[in-house]
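Subject: Structure handover

Hello,

The structure is below, followed by notes on what was found in it. Please look it over before you set anything up.

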Amino acid sequence: MPTRNKIRTAILGRRRPVVTDRDLSRLRAAITAFFFLDGFVFAGWVARIPAIKDRTSASEGALGLALLGVSAGGTATMMATGRLCRRFGNHPTTVAAGALLAASVALPPLTHSALALGLVLLVFGTGFGALNVAMNSAAVDLIAALRRPVMPGFHAAFSLGGMAGAGLGGLIADHLSPTRHLSLLALFGLLLAAVAGRTLISLPAPVPPGGPGSAAEPGAGTSPGGARPDGARWLVAVFGLIALCTAYGEGAMADWAALHLHQDLDASAGLAAAGYSVFALMMAVGRLSGTVLLERLGQTSTLIAGGVTAAAGMLLGSLAPTIWLALLGFAVTGLGLANLFPVAIARAGALTGPGGVAAASTLGYCGMLLGPPTIGFLADWYSLPTALTTVAALAAVSAVVTYGTRNAART
C-alpha cells in the first residue's frame with residue numbers, strides 16, 4: 001500500500017495544474033498586453049526615425065544599414081529563444097523579453113552616428129525578436145486550449161499598439177525631443193511588462209483538450225498529430241516564406257513610410273508619422289475580423305486575398321503623387337497584410353510548437369533583415385518610391401505561394 005501511494009503521488013505530482021476558464025481569460029488578457037506593448041514600443045521608435053536620421057546625419061543607405069541592426073538582432077535571437085521557451089517556459093521568457101525591449105528603446109536617441117545607432121539597435125532587435133517568439137509561443141498554447149483561431153486577435157493588439165505609438169509620436173514629434181519621448185516610452189513599457197508579467201508568470205501554460213499537441217486551430221489546416229516530421233518541416237518552411245514576404249512589407253512601412261511622405265511628398269513631421277499610424281490602424285481592423293474570416297473563408301482564401309490586396313495597395317502607396325492617395329494606399333496595404341503573418345506563425349506553432357514558431361519567425365524576420373538595406377540601396381540607385389514597390393512584389397509572391405501549396409495546407 002505505501003508503494004502504491006508513492007506511485008500515485010509521483011504520477012499526480014507530474015500532472016500539469018488545472019487551468020480554469022477564468023485562468024484562460026486572464027492569460028488571454030496578459031498575452032494581449034504583451035502584443036500591445038510590442039507594437040506600442042516599436043511604433044514609438046519608428047515615429048522618431050526621421051529626427052534620429054537628422055541627428056546622425058546619415059544617408060538613406062547608411063540609415064538602411066543601421067536599421068539592419070533591429071532585424072539582425074531579432075533574427076539572430078529567435079532560434080535561441082525557441083530553446084529558452086522549451087527550457088524555462090513560454091511565460092517567463094515572454095516577460096524577460098518584454099522588459100528588455102522596453103528598456104532598450106531609450107538607447108537610439110543617445111547615439112550620434114549611424115554606426116552607434118546600428119549597435120544599439122542590435123540590442124533593441126534582440127528584445128524585439130525574443131518577445132515575438134516567446135509571446136507567439138504562449139499564444140499558440142492558449143489557442144490550442146481554446147480550440148478557436150484567435151491568433152489574429154493577438155496581432156490586432158500589436159497593430160493597435162502600433163497605431164497608438166505612432167499616433168502619439170506624431171502628436172509630440174514637434175514638441176518633445178526624441179530622448180525624452182523614448183525615455184518616457186521605456187518607463188511605460190517596463191510598467192506594463194511588470195503588471196502583465198505578474199499574471200503571466202503566476203499561471204501555467206494551458207494544455208489543450210486531449211493533451212499536448214492534440215489540437216490545432218480549427219480551420220487552420222490538418223492536425224499536426226497526423227503529419228509526418230518531414231511534411232511538418234516542409235510546411236513550416238512554406239509558412240515561414242509567407243511570413244517573410246509579410247515581414248518585409250511591415251518592416252518597410254515601419255522604417256520608410258514616414259520618410260517617404262516627408263521627403264518625397266513634403267509632408268510635415270506630424271503628418272508623415274501618420275503614415276504608419278494609418279497602416280497600423282487598418283492592420284488592426286483586418287486582424288480584429290481575422291478570426292471570422294478564417295472560420296468562414298478558410299486559411300487559403302484568406303491568405304490569397306490578403307496578398308493580392310496588399311500588392312495593389314502598396315503600388316498605390318508608393319507611386320501616388322499626393323499625400324492623401326499615398327495614405328489610402330498604405331491603409332489598403334495594412335488591410336491586405338493584416339492576417340498573413342498571424343496565420344503563418346500560428347500554423348507553424350500548431351505543427352511543431354515553439355520550434356515551429358521560432359523557425360517561421362526567423363524566416364519571417366529575414367524579410368525585415370533584407371528590407372532595410374534593400375530599400376535603402378534601391379532608393380540611392382533609383383528612388384524611394386521605386387524601392388517601395390518591392391513590397392507589392394513580395395505580397396504578390398505570398399499569394400502565389402499560398403495558392404501553389406493549397407492542397408498541402410488545405411483548411
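The protein chain has 16 helices and 0 strands (DSSP runs numbered from the N terminus, H or I of at least four residues for helices, E of at least two for strands). This is a predicted model, in which local features need pLDDT of at least 70 and side-chain atom pairs pLDDT 80 or more, while totals for chains, interfaces and linings use all residues. Residues are numbered from 1 along each chain as its sequence is written, and side-chain values use heavy atoms, without hydrogens and water.

Of the 411 residues in the protein chain, 56% are buried (under 20% relative accessible area, 1.4 Å probe, protein chains only). Among contacts (heavy atoms within 4.5 Å) with a separation of 6 or more, 86% join residues 24 or more positions apart.

The lining of the second largest pocket divides into 9 nonpolar, 2 polar and 4 charged residues (nonpolar: Ala, Val, Leu, Ile, Met, Phe, Trp, Tyr, Cys and Pro; charged: Asp, Glu, Lys and Arg; polar: the others, Gly among them).

Regards

Technical notes:
Buried means under 20% relative accessible area, exposed over 50%, partly exposed in between (1.4 Å probe, protein chains only).
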